[in-house]
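I open this notebook to record what I looked up in one structure.

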Amino acid sequence: MNVNQQAHMTSPYRQPQPALQGYAQPGYGGPPTQYAPYNGPNPGYQQGPTPAGYSPYSSLPCKTFPATLASDLSSNSSSPLDLGPVRPPPNSGPPPVSASQGYSQYTQGDVQNGPPTMSSQPHRPPVSQSYLPGSQPAYHQQYGAPHTSMQQMTNQMSGMQVSAPPPAVSGYGAFGQMSRPQPGYGGSYPGPQNYGAQPPPPAAPPQKRLDPDSIPSPQVSALPAVQKTRHRIDPDAIPSPIQVIEDDQANRSSEPFATGVRGQAPPLVTTNFQVKDQGNASPSYIRCTAYNFPCTSDMAKQSQVPLAAVIKPLATLPLDEAPPYIVDHGETGPIRCNRCKAYMCPFMQFIEGGRRFQCGFCSCVTEVPPHYFQHLDHTGKRVDCYDRPELSMGTCEFTATVDYCKNNKIPQPPAFIFLIDVSYNAVKSGLVDLICAEMKTLLDYLPRESSEADSCIRVGFVTYNKVLHFYNVKSSLAQPQMMVVSDVADMFVPLLDGFLVNVNESRAVINSLLDQIPEMFADTRETETVFAPVIQAGLEALKAADCAGKLFIFHSSLPIAEAPGKLKNREDKKLVGTDKEKTLFQPQTSFFGNLAKECVAQGCCVDLFLFPNQYVDVATLGVVPSQTGGSVYKYTYFQVPSDGDRFLNDLRRDVQKQVGFDAVMRVRTSTGIRATDFFGDFYMSNTTDVELAGLDCDKAVTVEFRHDDKLSEESGALMQCAVLYTSCSGQRRLRVHNLSVNCCTQLADLYRNCDTDTLINFFAKYAYRSILNSPTKTVRDTLINQSAQILSCYRKNCASPSSAGQLILPECMKLLPVYLNCVLKSDILQPGADISLDDRAYLRQLVTSMDVAESHVFFYPRLLPLQKLDVEGDSLPTAVRASEERLSKGGLYLLENGLHLFLWVGANVQQELLQSVFNTPSFGQIDPSMTNLPVLDNPYSRRLRAIIESFRAERPRYMKLMVVKQDDKLELIFKHFLVEDKSASGGASYVDFLCHMHKEIRQLLS
Ligand SMILES: [Zn+2]
C-alpha cells in the first residue's frame, strides 16, 4: 500500500443546508437559517473514549456472530443498514401495534361536557386513617452533604396532626398563604391496596380545622420517631422539582457542555446550556437513563434501573450550535466496519501506521481504503483527525451512494398530498375555507435545501366525503379539472399526469382550485365520510409517481360510510377500569395495520388533523400515522375564532418542518449490550430495523438496552445510531450519532450518574404501551414496584446505615417519586370522568414520540408566578411547584405543559396589574373566552406576551391560551395540572405518594 497516498477528497465537507425557510410566525421560531462554518476542532478537544485495545484478529469474539454476516453493499438488500450481523432476537418482541390518538384541547365544548361537578369531587378518606400504622416511625428526610461518593437525602419530614379532612373544593381558604401547608392538605393515605384505584367513597364531613399557624415547622431535630406517627409531612421538606431545576440551571448553564468526556451526564433537560461536540452526540440528539452502565446483567437486574436512550435523530439544534457536517466519502460510500457495518466514527482505532482500523463496537479489524489513508501521530491518532468530522465529532452526516437507495435507484424528490374532508361538518365549521385560504401562502414554504431557490417537493390535492375528488392542476390548464372516484372499494388514482405538480409552475391553477373548493361544497348535505380509501388514494398516487412523501389529511368524523376500513362507534366508558379497558386502545380492525405496512414500504408518511364533534376512534384512525412516523393533531369542537390560530400554527409548522423520508434507523452497540426494545412512531418488520416512512425533527425514539455479555470498565459501552433517509430534495443521507457511556462494577456508581427525566420518558412510554395488553391498574403497580426496587436497592447497597424510618433517595433520583406519580395519575393511567376515550388515545400516541424535554413538561407542568415580572430584562421568574397551595390570591400565574397554556388570575389581583394585562381594572370583567391577551402598549403587557410567545416557540405544538379566573368553573381544568396535589380522578398527592413509596421500599428491605 502506498502510504503516501492522499485522501482523494479535496473538499469533503459541504456546509449543511437548512431544509426550510422560516415563515415569520408568532410562536414559531422556525429552524435555523444560518450555520456557522466549521472552524475545526476545539483546541481543548480531548480524545473521546478509547476503544478497547487492539487484539489479534484470531482472538476476536466471533462466537456471537454467525459466519455469514456481511454481504457487500451492492446486494439487493433493501438497505445497507440491514447488513449488520444477525444477532439473536431480543427477549422482548417488537413493539405491539400502537394506536394513535388525539387530545382535545379543553375547548368550551369540552367544558360543557365535562369537568366533574362539585358533587363528584372525590373526598378525602376518613380522618382516622393515618399515613402509617402507629407502630411505624415517621419519615425522616435529610438533605445532607454527600456521604462518601453519593449523596443521601435524609431530610426529616416532620409534620402536623391530621385531624380533619380538608375543606370542600369550593373553599379557597388556603389561597394567599403561599408555601404554607394547608390544613388537612394531602390527607391521610388510603392504604396501598387502594392505591391508584378510583376515588374512595365520600368521607365524613369536616369536623374541625387546624390553624395553619400552629403547624410545627419542619426541623431536623429528632423527636422520638413514634411520636411523629400520623404527622403530616411538610411539602417544603420533600424534594422540590423547582429547587433541583434551579440548582442545575445555576450550576451548569454557564459553561458549555463538552461531550469529550465519556460517561458524563449532561445538565438537566430544563437547563439552558450550550453543547460542544467533542466526540459524543449532543444531548439534543441522545439522552440516556444512566451514564454508568452496570458491567453485568446481574447488577442491572439487581438495580432494576432501565438502561435506555431517548434518540431524536433529526432534532433541531439551538441557533448558536452548528448542525451536523456533511461528509462525502466518495463513490464507495461511507467507510464502515467490515463485520458489524458500524460507520466511521471517533470510536474506531487506527492501527498499523494507519493502514487498518479496529472497530470499537465489534473489535473487527478493517483495511483502510487507499483514498482514506492517513498517517498517525505519536499518540496513535490520525493526523487529520480534527479535520474530519466523522473522526472527531459525535454526530455527522454522510452522503449516501446509490447502494443505499431503494432498488438501487436514486430517489425522486418527495411529494406532499393534501386530502381535505368536505363533508357537512367540515364545511359548516369554516374549516374548508380556512384550509384553502391558508394553503395559498403555505405552499411557498415547503421544505427545501438552502442552496435551492425553490422546493423540489411536488404537491397534489384531493377532497372527499363518501367519494373522492382528484384534481388535475397541470400548469397548462386554464382551470383545474375534477375527477370523481365513487368506487371506494378498490381505490385507484384516475389521473397521473397533472396530479402531482410543481407549485411554481402550476401556481395559477392551484390558486384557482383553492378558490373553488369552498364554493363547490358550500351547500353540501353529505355528512358521511370514508377514511381508509383516502389514505389509499394518497398511497397509490405516490406509488404511481414512484416517490416517497407525506399525506396531510384533514378529517372530521367517524368513517361510517360503506368502504374498506369502515368503523363503528364502540365508545364504551363502562369498560374504563375493567380488564377490557385495553381494547379501547387497540384498533377495532386490523385493516389499518396492514395499510400502514404498505405505506411504510412506499415511504408514505401520514399526518392526520382531526376536527371531531364526537367520538372518532382515534385509537383506530391513528394507526397509520403512528406507524408511518406521522403526527396526529386534534381540535375537538373546532371553531375558527377559538381554534383557528392553533390549527394554522400547527399546520404551518407541520408543513415546513424538517423531515426525512423512507428512513431506516439502526442502533449498533458495543459487545456486551444490545438494543432490545423500541418505543415511538415507526414500524418494525424485524427486531433491529426501525422503519419510518417519515422522520421529522420532533420525533424521538426510545431504545432499551440489555446485556448479552459482560461490559468492561475500560472500554465502556458504545452506541451508534444510524439513520438512512431521503432529504426533502431527494438526496439519500446517513445521519450518524455516536455516544459512549461508562461502565461500572459498583452500584453506587450507577446511582451517581442517572438522568431521572430520561428515566421518566422511558417509564411513560413503557407504561403507555403496556396498557394495550394489561389493565391500567396492573401497569401502575408494575411501575411502582420497579421504582421501589430501584430505590430500595440503592438504600440497601449504597446508602450509609440509618434508621429504617428514613427515606433515603439517590441525589440524581430524588425526583423520581414526584415525577413517577405524575405518570401514574396521568389521564392515560388514571383517567378522570371528564376525559374522553379519544383524548386518552390521542395523549397516548403523543407521549409515544416525545423527547425528554417534552415528556418532562408534559408530566410536570411549568408554573410561573407573574406578580414580580422583570419587564426590562429577559429573565423569567422562578417557577413555583405545581400545587394549589403555591398560588397566591393576589397573583397571576402562567402554566404550560407543552399542549396547554393557562393564565390563572387570582381574585385579589391589583387593579393596576389587571389594567396592564387585560385593559380592565375589574376582575369580573375579564373575558375568560379570550385565547390571546389584548395587545397593550405598556411594559408589563409586552413582557408577558413575549413570555407567552417564547413558551409557544419552544414547543412543537401551538398552545392556545386559556384565561382562568379564580373560582371560575374553568378552574377545575386548570387544577388538573397542579400535579403535586391530589387529583380529581383519585391520583395521589406528591406527599401521599412519597409516603407510599417509602412504605413499598421498606417492605422490600424487610
Ligand atoms: Zn464492527
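Entry 1, basis. I worked from a predicted model, in which local features need pLDDT of at least 70 and side-chain atom pairs count only at pLDDT 80 or more, while totals for chains, interfaces and linings use all residues. Residues are numbered from 1 along each chain as its sequence is written, and side-chain values use heavy atoms, with hydrogens and water left out.

I looked up which residues coordinate the zinc ion. The SG atoms of Cys337, Cys340, Cys359 and Cys362 do so at 2.3 Å (donors are N, O and S atoms within 2.8 Å of the metal, or 3.2 Å for Na, K and Ca; water is not among the atoms, so sites may look incomplete). I noted the sequence spacing of these donor residues as C-x2-C-x18-C-x2-C. The angles among the four donor atoms run from 99 to 116°, and the site is tetrahedral (four donors with all angles between 85 and 135 degrees). The ideal angle for four tetrahedral donors is 109.5 degrees. Cys337 and Cys340 are both buried (under 20% relative accessible area, with a 1.4 Å probe and protein chains only).

I found a positive phi of about 75° at Ser363, which is not a glycine. Ser363 lies in the loop between strand S11 (356–358) and strand S12 (365–367) (strands are DSSP runs of E, at least two residues, and helices runs of H or I, at least four, numbered from the N terminus). Ser363 counts as buried because its relative accessibility is 17%.

Asp617, not a glycine either, has a positive phi of about 65°. I located Asp617 in the loop between strand S20 (604–610) and helix H10 (618–621). Its relative accessibility is 0%, so Asp617 counts as buried.

Notes: Four donors count as tetrahedral if all angles lie between 85 and 135 degrees; four count as square planar and six as octahedral if opposite donors are over 155 degrees apart and all others between 65 and 115; anything else is irregular. Buried means under 20% relative accessible area, exposed over 50%, partly exposed in between (1.4 Å probe, protein chains only).
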